[in-house]
Amino acid sequence: MAYPLIKYTLTIHGRQPEWLCKESGAFKSEHGAPANKAGKLPRFGSPQDTIFLGIGCGDVDPDGTPDGYVGSISSKADLQTYLTEIGTTAEYKVITDNLVGVSTSVTVGLSTAWESGVGLTTTTTDKVTYTGVGTVMTLTGSQVTRVVTEKSDSEGYTTVDTPIVLNPASTLTITGVTTSVGVTTVGEVTTTTTTTTSEYYHTDAYTNTSTSKSETTTDGVTTRTDTVTTSEYVKYETSYDYAAEATRLWNLYESVNS
């Protein structure tokens, strides 16, 4: 009995079909893709509007196929072509966290000094930087960064600045600044409010901090050392490897059929 590599949908009840292969190493629910074409009358209704890859249990009957069966893939080349097609549409990409910087702060002192906070010595190393692989991921944003309020019945004006706060590992780039003016009058008092909005993007980064503690005792005197390590990570994007994924799935398919 063969175990074909198939494209399928869930049942009308939203469950996995019973005719999927249950052999060790078989797979299902891989690479879900829209079953209907944009701008066309829908061929599939919910919950059958997503096509998955899986392995069926038994040969495909030329006289008819079960509900949920969409088609078979008969070669590794066809599998890679299909993955490339749906992946390009869905904009597949690989995002990884790359370590880009490490710095260390070491604080040393007698146990009595740790209790009082006096007599501790801290040494901080220069940050060691690394270069990630791929394209740096960025996030965009918009924020009101300044509001200036001026009233006609008083001298001067008030200014409230709201800085853009990011993780220290992120790099901020301002892409545009817009200003709007609003005027309101209550009785004889006119209030003019000038609002500044900043558009920006920043690297998708974050910081992890870990602390380790050690103690040594010599002649009854205990010295404690705390080491704080700060690691900076930036998310990088690399191209999706369709050939490698086709190889992975095809190897599973061949293993089940061996």
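Me: Which residues lie nearest the centre of the largest pocket, and how many residues line it?
Reply: The lining has 20 residues, and Pro34, Ala35, Asn36, Lys37 and Glu85 lie nearest the centre. Keep in mind that this is a predicted model, where local features need pLDDT of at least 70, side-chain atom pairs count only at pLDDT 80 or more, and totals for chains, interfaces and linings use all residues. Residues are numbered from 1 along each chain as its sequence is written, and side-chain values use heavy atoms, with hydrogens and water left out.

Me: What makes a residue count as lining a pocket?
Reply: A lining residue has an atom within 4 Å of a pocket point; on a 1 Å grid over the protein atoms alone, a pocket is an open set of points where a 1.4 Å probe fits, with protein on both sides within 12 Å along at least five of seven lines.

Me: Which helix gives the most to that lining?
Reply: H1 does, with five residues. Helix H1 covers 76-90, and a helix here is a DSSP run of H or I with at least four residues.

Me: Why is Cys21 called buried, and why is Cys57 called partly exposed?
Reply: Buried means under 20% relative accessible area, exposed over 50%, and partly exposed in between (1.4 Å probe, protein chains only). Cys21 has 10% relative accessibility, so Cys21 counts as buried. Cys57 has 41%, so Cys57 counts as partly exposed.

Definitions and conventions:
Helix = DSSP H or I, 4+ residues; strand = E, 2+ residues; numbered from the N terminus.
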